[in-house]
Amino acid sequence: RDRLGDCAGAVPHLRAVADGRGPRAALALIGEARCLRTLGRADEARGAYQKYLHVQPHGRYADEARLGATGSAKLIP
């Protein structure tokens, strides 16, 4: 749904995947954070980025997550 531009509909699905332990859980956290940011829900987006950093501190999206978690830079969607 996020790829279709339906971030509001995608967030619950991304959260369900992110709460799991599968290989896509970390990627779902990034997708959730991006969608939340797009929806203007910055505090929730920061939380998702922080959760990503907790589980993948050196992961592929760690730099994006650090910026998003601190709110120190405006990220481009």
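Modeller: A helix is a DSSP run of H or I with at least four residues, and a strand is a run of E with at least two. In this predicted model, the chain has four helices and zero strands. From the N terminus on, its elements therefore read α-α-α-α.

Biologist: What makes Glu 32 part of a helix?

Modeller: Glu 32 falls in helix H2, which covers residues 25-38. The number in that name is counted from the N terminus.

Biologist: Why is Glu 32 called buried?

Modeller: Its relative accessible area is 8%. Buried means under 20%, so Glu 32 qualifies. Across the chain of 77 residues, 38% are buried.

Biologist: Which residues is Glu 32 in contact with, leaving aside its neighbours within four places in sequence?

Modeller: They are Leu 14, Arg 15, Ala 18 and Ala 48. Each counts as a contact because heavy atoms lie within 4.5 Å. For the chain, among contacts between residues at least 6 apart in sequence, 35% join residues at least 24 apart.

Biologist: How many aromatic pairs does a search of the whole structure find?

Modeller: The search finds one. Tyr 52 and Tyr 61 form that pair, at 6.5 Å centre to centre and with 70° between the planes.

Biologist: Why is the pair of Tyr 52 and Tyr 61 called edge-to-face?

Modeller: Planes over 60 degrees apart count as edge-to-face, and the angle here is 70°, so the name applies. Tyr 52 and Tyr 61 are both buried.

Definitions and conventions. Residues numbered from 1 in each chain as written. Predicted model: local features only at pLDDT ≥ 70, side-chain atom pairs only at ≥ 80, totals over all residues. Heavy atoms only, no water. Buried < 20%, exposed > 50% of the residue type's maximum accessible area, 1.4 Å probe, protein only. Phe/Tyr/Trp six-rings, centres within 6.5 Å; stacked < 30°, edge-to-face > 60°.
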